[in-house]
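Open your viewer and get ready to click along. We will go from one selection to the next.

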Amino acid sequence: NIAPPCLLVILGAAGDLTRRKLMPALYAMHRAGHLPASFAILGTARAEMDDAAFRAAMRAACDTFGEAVTDTEWTSFAARLHYQTGNFNDVSAYQSLAARISGLDARHATDGNRMFFLATLPSLYAGIAAQLGAAGLVHSDPDGPFSRVLIEKPFGHDLASAQALNRALHDVFREEQIFRIDHYLAKETVQNILVLRFANALFEPLWNRQHIDHVQISATEHIGVGSRGGYYEESGVLRDMVQNHLLQLLALVAMEAPLSFAADRVRDRKVDVFRALRPLIGEDAYRDVVLGQYAASADGAMPGYHQEAGVASDSITPSYAALKVQVDNWRWQGVPFYLRTGKRLAQGCAEVVVQFRTIPFCAFGEEQACTRIAPNRLVLCIQPDESVRLEFAAKVPGPGMAVETARMHFGFHGRHPDAPPAYQRLLLDALHGEQLLFARADGVEMSWRFITPILEAYADHPGAEPYAYPAGSRGPVAADTLIARDGHAWQPLG
Ligand code: BG6
C-alpha cells in the first residue's frame, strides 16, 4: 500500500492541526513504509522559519503527539521536509511557492504530482484556491500528473457560504480533485457500519420501519472547548459536530444499499438520505431541537463555557444539541432518529443505538412481567470502546421463566490493536485518489440545507437561548423531555 510519488504542500504548516495530527500521521506512514522514496513535504505559513527550524519543530510535534521518534528514522524522514515562509494574501508568495515547488519536484522526482492540504483559517480557503490556480500550480488534465486539494472542516458556515466555497473550488479544481475531510468517516468503527449492514445477511432484512422502533446517535465529549474558544464562538455545536459528523453517521445508518463501494455510488446513496431529511423550520426547530450550554460544574472544578478563553461573557453559543430527525422515505417513515452531542458531559462516547420494536405478544406470564422485557438493541460503539453489542432477551437460570437482557459483545481493538488513526487513513486514501471517505459537494450542501434553517430559527429568536447544564452532567433536562415525549429514553452510554 505505497503511495504514489507526490509533493504534499501543507498551507498553514505552523498551526495546531499540522503539529497535532498531520505530522505525526506522516511520520507514522513513513515508518510503516507507506511513503515512496519520491515523496516530499513542503510546509508553508506566515511564520519565519528555515528548513532546519521547521524540522526541529516537527520533531517536537511528533514526539509530543505521535509515536516515539528515533534518531535514524527521524533523519530519513526529515530529509523529506521543507519549509517556505509565505503570506496567503500576497500574490507574490504564490510565485515564490511555484518556484520552490518546481525545484522540489525535480529534487525528489515527484513526477509533478502534488497535493495541497489547506490547514489554514477557513476564511482563506477560497482565496488560496484561486491563487493556486492563477499561479499555474493546479494541473487539470486527468491524464497528466495529479493536483489535489484537501480541505479541513468547517466547509462553509451555512448553505450560502458552502455553495460559494464549492463554486470557488470548482473554478480551479474538478470535483475528483477535491477531498473534503470529515475525520469521522475515517474511523474504523464508522466504516464498519457499512460492512455490518451490507456484508451480513442477518441485519439488513430487519433494517427498516417494520422492525426498527427508533435510532439514537450520540457523540458526547468530556472535554470543554479548551483553547479553541475563539473558533467555537463562531461555530457552536450545530456547525462543529452536527452538520458534519452526526449527519454523516445518520447517512451511513439510514442509506439504501449502494450498487458498489465505489466512492460515488456510496455518496449517491448518502445524498439521498440528506435529501430525505424532514426540514426543521421555525416552530418545528424549537419543538425538535434542544440546545444547551455548559455552566461551571457544581464543585467549581470545571469552568463554565462563559469562563473559557476567547468566549464572550454573554455568549449564547450552544455547546450541546439534541435533535429529533425524521427521514422521509419508504424505509424510514415514522422511525425517529434522535441525535445528541455536546461538550463537558459526564462521559466521552460516540455510539449508535438501533432499537428494535417490542415483541408483539408475550407468552411469559403476566402482562407486567412482559412489559419488563427490554426490546432488542444493536449498539455500534465508535469510541472509546470500539465494539458492536447485541442486546437480547435470555432466560434467568433457575425455576420459572423469568427473562433478563443478555449482551453479546464484539470488540475490535482486541482483534486489531494496530488500526491506523484517522488522519493516516485520510492522507493515504487522498494520495491514492480514493474519495470514499470524503464528502462530495452536493452532500455538503444538502447537509447545510438541513442545518441552516435551524441556525436561523435560533439566531433570530430572543427567547431561544440555550439551556444551561452543569459541566460534567448528562446535559440539559430538556433533552430528556424531547425523547420522553415519544415514550423513549436516552440509552446509558458505553
Ligand atoms: C472535531 C470538532 O471535528 O471533532 C471538535 O471540531 C471535536 O470540537 C472533535 O472535539 C471530536 O472528534 P473525536 O475524533 O475526538 O471524536
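Which side chain makes a polar contact with the side chain of Lys153? Select Asp240: its side chain pairs with that of Lys153 at 3.0 Å (a polar contact is two N or O atoms within 3.5 Å, one able to donate a hydrogen and the other to accept it; residues adjacent in sequence count only if both atoms are side-chain atoms). This is a predicted model, where local features need pLDDT of at least 70 and side-chain atom pairs pLDDT 80 or more, while totals for chains, interfaces and linings use all residues. Residues are numbered from 1 along each chain, and side-chain values use heavy atoms, without hydrogens and water.

Stay with Lys153, in the loop between β5 (147-151) and α6 (159-170); helices (H or I, at least four residues) and strands (E, at least two) are DSSP runs, numbered from the N terminus.

Next, show the ligand. Now look for ligand oxygen atoms: one is 2.5 Å from a side-chain N or O atom of Lys187, and for Arg228 the distance is 2.9 Å.

Finally, jump to Arg46, in the loop between β2 (39-45) and α2 (51-65). Is Arg46 buried or exposed? Arg46 is exposed, with a relative accessible area of 58% (exposed means over 50%, buried under 20%, partly exposed in between, using a 1.4 Å probe and protein chains only).
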